[in-house]
Amino acid sequence: MIPEVGHFSLILALLVALAQGGFALAGAAYGNVRWIAFSRPAARVQFYLVSIGFLSLAWAFIVKDFSVAYVAQNSNSQLPLFYRVAAVWGGHEGSLLLWMLMQTGWAYAVTMFSRQLPDVMVARVLGVLGLVAAGFLLFILLTSNPFERLVPPPVEGLDLNPLLQDVGLIFHPPLLYMGYVGFSVVFAFAIAALLAGQLDATWARWSRPWATAAWLFLTLGIALGSWWAYYELGWGGWWFWDPVENSSFIPWLVGTALIHSLAVTEKRGSFKSWTVLLAISTFSLSLLGAFLVRSGVLTSVHAFATDPGRGAFILLLFTVVVGASLLLFALRAPKVGLGGRFDLISRESLLLANNVLMAVAAGSVTLGTLYPLFIDALGLGKLSVGPPYFNAVFVPLMVPALLLMAVGPIANWKSAKVRGVFKRLYLPAAAAIAIGISVPSALGSWSLMSALGLALASWIGAAVITGIFERMRATHSGLLAQPRSWLGMHIAHLGIAVFVAGVTLVMGYETEQDVRMAPGDIVSAGGYELRFLGVRRAPGPNYVAEVGDIELSRDGEVLRLLHPEKRAYASSSMPMTEAAIDANGLRHVYVALGEPLAESAWSVRIYYKPFVDWIWGGCILMALGGLLAISDRRYRLKRRNRRIFPGQQGFES
C-alpha cells in the first residue's frame with residue numbers, strides 16, 4: 001500500500017500546486033486578502049505531500065519491494081543499504097521526484113524566510129513557483145510515474161547502474177538539483193516584480209541571497225560531479241566538456257553574471273531589465289539542461305532517459321515557461337527606467353563587461369553543445385564538437401574576465417580614476433608578471449599558456465589580498481569584523497584564483513603513462529617509484545574485483561600501497577574501473593588497472609597530476625564565499641508592519 005500512498009500524495013500535490021498558483025496570482029492581481037494568505041500554507045502542504053511521496057519510494061527501496069517497477073530496475077537484494085537509499089534518485093523517475101522535493105522545499109523556504117516581505121509580493125512568488133511545480137508534477141504523473149507496479153513481481157531486481165554505485169551518487173544529484181531548482185526562486189521573484197511593475201533596488205535585495213544560495217549549491221554540485229568522474233571513470237580527467245556536464249555549466253555561467261548584476265541593481269538601481277532577463281535565462285537554461293539529460297537526444301554516461309515522449313513534454317514545459325516569461329518581459333521592460341548613470345571607467349562598467357563576457361561564454365558553450373544535435377536533426381550527418389572547440393573559444397573569453405575580476409572590486413561606483421586604480425593594483429600586477437615568468441621556468445618547462453594562467457591566478461590572488469589589507473587598515477578593524485558579503489566576495493574571487501592555478505599546473509605539468517607491468521616491475525612518475533606486486537581476486541557485496549597491489553615509494557622509502565580495482569558486476573557485462581589515488585594536497589599519483597595480459601602482466605595507466613586538488617579546493621572556496629555573502633545581516637530586513645497591497649510603505653533595512 002505504501003507506493004499507492006506515494007502516488008496519491010503526488011496527485012494531491014498537483015491539485016494543491018494548481019490552487020496555489022491560481023489563487024495566489026489572482027489574489028495579488030485583485031487584492032483579495034484571503035487568496036493572498038492562502039499561498040503560504042498551500043506551499044507548505046505541497047512540500048509535505050511531495051515528501052510523503054519521496055519517503056514512500058525510499059521505503060520501497062529499503063524493504064526491497066520489487067513489485068514497484070522502478071525499484072526492480074534500479075536495485076537488487078545484494079545492493080548495500082546506503083546505495084539502495086541513493087538509488088531512489090539513481091534513475092529517471094526517482095531523480096524527478098528528487099527534483100520536485102527540492103522544488104517544493106525551496107518554496108517552503110520562501111514561506112519561512114520571507115515573513116518580512118510584503119504579502120502580495122510573496123503571493124506572486126509562491127504563485128509562480130506553484131505553477132512551475134504543477135508542470136513538473138504533471139510530467140511525473142503522466143510520463144514518469146515512479147510507483148508503477150509489476151505484475152507478477154520479479155523475485156530479484158536488475159541492480160543499480162554500476163557507475164552509480166559510489167558515494168558520489170549520494171551527494172552529487174541533490175547538490176546539483178538544489179542549484180538548478182534554486183534559480184526558480186529568483187525566476188519567480190523576477191516574474192513577480194514584472195507583474196507588479198516594481199523593478200527596483202528592493203526587489204534586487206530580496207532576490208540576491210536566493211540567487212547566491214542557488215549558485216552556491218550549483219557550484220558544489222558541479223565540483224563534486226567533476227571529482228566523481230575523475231576517480232570513478234578511470235580516465236584521469238577532471239572535465240571532459242561532455243554535453244551533460246555542459247548542461248549544468250551553462251546555467252552556472254549565467255547565474256554568475258546574475259549575482260553580479262543583482263549587486264549593481266541593488267547598489268545603484270542600474271541594469272534592472274538586464275538583471276530580470278538574466279534571472280529568466282538562468283532558470284530557463286536549467287530547464288534546458290533537464291531536457292538534454294532526459295530527452296534521449298544525448299548519449300552520455302550522465303544521461304538519465306532515452307524516451308522521446310518525455311523529452312517532448314519537457315520541451316513543451318520549457319517552451320511555455322520561457323515563452324510566457326519573455327512575453328511578460330517584452331511587455332513590461334520598456335516601462336522600466338534606466339537607473340543611475342555611470343562613466344565608462346566605473347565599477348558598473350566593469351561589472352557590465354563581466355556580464356557580457358559570461359553571457360557570451362555561456363552562448364559559446366551552448367552553441368557547441370546544441371549544434372551537433374541540430375545537424376543530426378536536420379539529417380546532415382553526425383558531428384562531434386569536443387574539447388578543441390571549447391578550449392579555443394572559451395579560454396580567450398575568460399582571459400579578459402579574469403583580468404577585470406581584480407579591477408572591479410576596487411573601482412568606485414559611478415566614476416573611477418584610471419590613475420587611482422593603477423596605484424592600487426601595481427603591486428598585484430608586478431607579482432603576476434614575476435610569478436608568470438619565474439614559476440614555469442622553476443617547474444622545468446616554460447610555456448606561454450602556463451605563464452598566462454599562473455599570472456592571471458596571481459593577479460587575482462594578489463589583488464584580493466591587497467584589497468583585504470587596505471580595507472582592514474582603512475576601517476581599523478580585523479578581518480572578521482568586515483561585512484560578510486564583502487568578505488564572501490573576496491573569498492570567492494580567491495577561490496577563482498586557486499582554481500585557475502590548479503587548472504594551469506595540472507594541464508601544463510601532468511604526466512601520463514600506459515605501461516605493461518608484471519610482478520616486480522617498477523615505473524617512475526613525478527619522482528616516485530611504483531612497484532607492481534600483482535593482482536588478486538576479492539569479492540564485494542554485489543561484485544567480484546580484481547585488486548591490484550602497487551607499492552608507492554620515494555627515494556627508497558615505501559609510502560603506501562595502492563589498490564586499483566577492476567570490478568565485474570553480475571548486472572553488467574562491462575567491467576568497472578576503480579582508480580587508486582595517493583594525494584597530499586600538492587599532487588596526485590593516480591593508478592588505474594587496464595586489461596590483463598600474458599604471464600600475469602597487466603596494462604596499467606599511471607598519472608602524475610600536480611596541484612589537481614586545487615581545482616576542487618578553489619570551488620570549495622567559491623562556495624564558502626557564497627555562504628558568507630548570504631549570511632550578511634543586511635539581508636535580514638526588519639519588519640515594521642505587514643504590507644498587503646502594493647504601494648504601501650513600512651519596511652526598513
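Leaving out neighbours within four places in sequence, Phe183 is in contact (heavy atoms within 4.5 Å) with Ala211, Ala214, Trp215, Leu218, Gly255, Leu258, Thr282, Phe283 and Ser286. This is a predicted model, in which local features need pLDDT of at least 70 and side-chain atom pairs count only at pLDDT 80 or more, while totals for chains, interfaces and linings use all residues. Residues are numbered from 1 along each chain as its sequence is written, and side-chain values use heavy atoms, with hydrogens and water left out.

Phe183 lies in helix H7, residues 167-196; helices (H or I, at least four residues) and strands (E, at least two) are DSSP runs numbered from the N terminus. Phe183 counts as buried because its relative accessibility is 0%, where buried means under 20% relative accessible area, exposed over 50% and partly exposed in between, with a 1.4 Å probe and protein chains only.

Gly53, in helix H2 (residues 33-62), is likewise buried, with a relative accessible area of 0%.

Strand E8 (residues 580-583) pairs with E9 in the antiparallel sense over four bridges, pairing being assigned if DSSP finds at least two bridges between two strands. On its other partner, strand E10 (residues 602-610), E9 runs antiparallel with eight bridges. Val591 of E9 is the bridge partner of Ala580 and also stands opposite Ile606 in E10.
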